[in-house]
Amino acid sequence: MMDNKPFETPVVVELGHVGKYRHIRSTQEAAECLMTVWPLNRGPRHRDALDTCLKVLEGYRSTAEARRALIEAARESEVLVPDDKLSDDRLH
């Protein structure tokens, strides 16, 4: 069974509904999220992030690279939750 490659710090995104935050805690979770529930406004960073996550899970890249790629994809799709919003009580 594949190691899910946990992130040092979760990446928080807002998916589905305004105020519905999702903490992505590992490369495996990031790949699943990018493939299944990511918004339709996908661009080249989304594709890069998914490719990076899959390479990490296969042992060819680092977890830090997957996390950075996910953050870039989230910025591109405008779903990244900035750190200053994370003190809100709406975290899920």
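User: How do you know at what angle the axes of helix α1 and helix α2 cross?

Analyst: This is a predicted model, in which local features need pLDDT of at least 70, side-chain atom pairs count only at pLDDT 80 or more, and totals for chains, interfaces and linings use all residues. Residues are numbered from 1 along each chain as its sequence is written, and side-chain values use heavy atoms, without hydrogens and water. Axes are lines fitted to C-alpha atoms, for helices over the stretch in contact, with angles from 0 to 180 degrees between N-to-C directions. For α1 (residues 27-36) and α2 (residues 44-57), these axes come within 9 Å and cross at roughly 145 degrees.

User: What makes residues of α1 and α2 part of the contact?

Analyst: Contact means heavy atoms within 4.5 Å. The residues that make it include A30, A31 and L34 of α1 and A49, L50 and C53 of α2.

User: What makes the space of about 180 Å³ a pocket?

Analyst: On a 1 Å grid over the protein atoms alone, a pocket is an open set of points where a 1.4 Å probe fits, with protein on both sides within 12 Å along at least five of seven lines; lining residues have an atom within 4 Å of a point. The volume of about 180 Å³ belongs to the largest pocket. Its lining has 13 residues, with P10, V12, R67, V81 and D83 closest to the centre. The largest share of that lining, four residues, comes from β1.

Terms used
Points joined across faces, edges and corners; volume = space filled by probe spheres on them. Helix = DSSP H or I, 4+ residues; strand = E, 2+ residues; numbered from the N terminus.
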